[in-house]
Amino acid sequence: MAVDYAALKKGGFMRQKQKNNFSLRLRVVGGNVSAVQLAKIAEVAEKYGDGHVHLTSRQSVEIPFIKLEQIDEVKAALGEGGVEPGVCGPRVRTITACQGEAICPSGCIDTYSLAKELDTRYFAKELPHKFKFGITGCQNNCLKAEENDLGIKGGIKVKWRESACIGCGVCEKACRTNAITIADGKISLDESKCNYCGRCVKSCPTEAWDTTHGYIVSFGGIFGNSISKGETVIPFIEDKEKLLAICDATLAFFAENAKPGERFKFTLDRVGREKFAEKILEVYNG
Amino acid sequence: MAELEYQIDDSVDITDVVCPTTFVKAKVALEELDDGQILAVKMNDGEPVQNVPRSIKEEGHQILKLLDNKDGTFTLIVKKVGD
């Protein structure tokens, strides 16, 4: 019987150079794996692989040296520990994320919850080519949002709350873009300089800022044979429903306009970024 | 905004150390104080003044004022808050 490598690849089985051996990619969301899952992965790697796993560049786990004839057995064994195969090929790939505000003091958004939500919404969704989402919690950009076809970066939009302010001066120095100046007991915020990093909020001793947590989205990043960083086309997004609508519209645009095997950046280059921007702005303003 | 009044009980100079010792030195100095006492922390411009105030806030202490010494250093006035 002929082996359907495309079907195997879709199911996360990556053909190795060693004949009939596969590196099995697992479904990991936002870089989190439970202890129960880890124990099961270890057991399967011992029993069916060669006793090691590989951590991929995009937060997945692969178990190499899985034998073709044991694939079903391996899937069943992994299932006992709540572990599923991941995906490869022309579809939505692993949603990557940093630890975000649930864990990290710098985080501005709950990256893991968002990663789970995007995974539920788009896992393995078929597209003309691979499509990568990456979510980073703040301007520190540990997760390198702009490397992705669609990158999401958490931010905080701020408004000074004069009544709570003690004029200590900490925020003016904490701000790295010189958006904050203090004169005559008043704080002025130059919104054109603010990058939504949230450092003023996080350093303020009296919580004298009204805050809106939201998203900065970049489009068309690619970091393989070609290297290009994703670009923003819309302002700061203040609510999650709007973010999801923009993700939906982006995938729809890609599905509609891309040639088979064409990454999003090249679709944007060919079709025109203005055309995409127009579409996305419609959703943003809608 | 309403500026707070304070009287300094002790001071520490962290301009002679670099991150992460800057914060550690300030933290140790705060541990020496009683609840409610005021510490003046002298630090360099740049990374220390960007980050140390926030770290001290995250430890639960109350920041009252940041003074520009106009010589490339700043003095942070902190009120110790016990556990």
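In chain B, helix α1 (residues 21-31) packs against helix α2 (residues 47-58) at an angle of about 40°, and their axes lie 10 Å apart. Axes are lines fitted to C-alpha atoms, for helices over the stretch in contact, and angles run from 0 to 180 degrees between N-to-C directions. Helices (H or I, at least four residues) and strands (E, at least two) are DSSP runs, numbered from the N terminus. The model is predicted: local features need pLDDT of at least 70, side-chain atom pairs count only at pLDDT 80 or more, and totals for chains, interfaces and linings use all residues. Residues are numbered from 1 along each chain as its sequence is written, while chains are lettered from A and ligands numbered from 1 in the order in which they are written.

α1(B) and α2(B) are therefore oblique to each other; angles under 35 degrees count as roughly parallel, over 145 as roughly antiparallel, 65 to 115 as roughly perpendicular and the rest as oblique. The crossing of α1(B) past α2(B) is right-handed, that is, the near helix is turned clockwise from the far one by less than a right angle. From α1(B), B:Thr22, B:Phe23 and B:Ala26 meet B:Pro48, B:Val52, B:Ser55 and B:Ile56 of α2(B) (contact: C-beta atoms, placed from the backbone, within 7 Å). The residues of this contact comprise five nonpolar, two polar and no charged. Ala, Val, Leu, Ile, Met, Phe, Trp, Tyr, Cys and Pro count as nonpolar, Asp, Glu, Lys and Arg as charged, and the others, Gly among them, as polar.

Chain A contains an open sheet of four strands with antiparallel pairing, in the order β1-β2-β4-β3. Its edge strands, β1 (13-15) and β3 (54-55), each pair on one side only. Two strands pair if DSSP finds at least two bridges between them. Three bridges join β1(A) to β2 (residues 21-25) of chain A in the antiparallel sense, and A:Phe13 has A:Leu24 of β2(A) as its bridge partner.

Chain A is divided into domain 1 (5-80) and domain 2 (96-285), with bounds from an automatic or database domain assignment. The domain centres, taken over C-alpha atoms, are 32 Å apart. Six residues from domain 1 and seven residues from domain 2 take part in the contact. On the side of domain 1, these are one nonpolar, four polar and one charged.

The contact between the chains takes 15 residues from chain A and 15 residues from chain B. On the side of chain A, α5 (170-174) and α6 (199-203) each supply at least two residues, and the largest share, three residues, comes from α5(A). This side of chain A has seven nonpolar, four polar and four charged residues.

Terms used. Contact = placed C-beta atoms within 7 Å.
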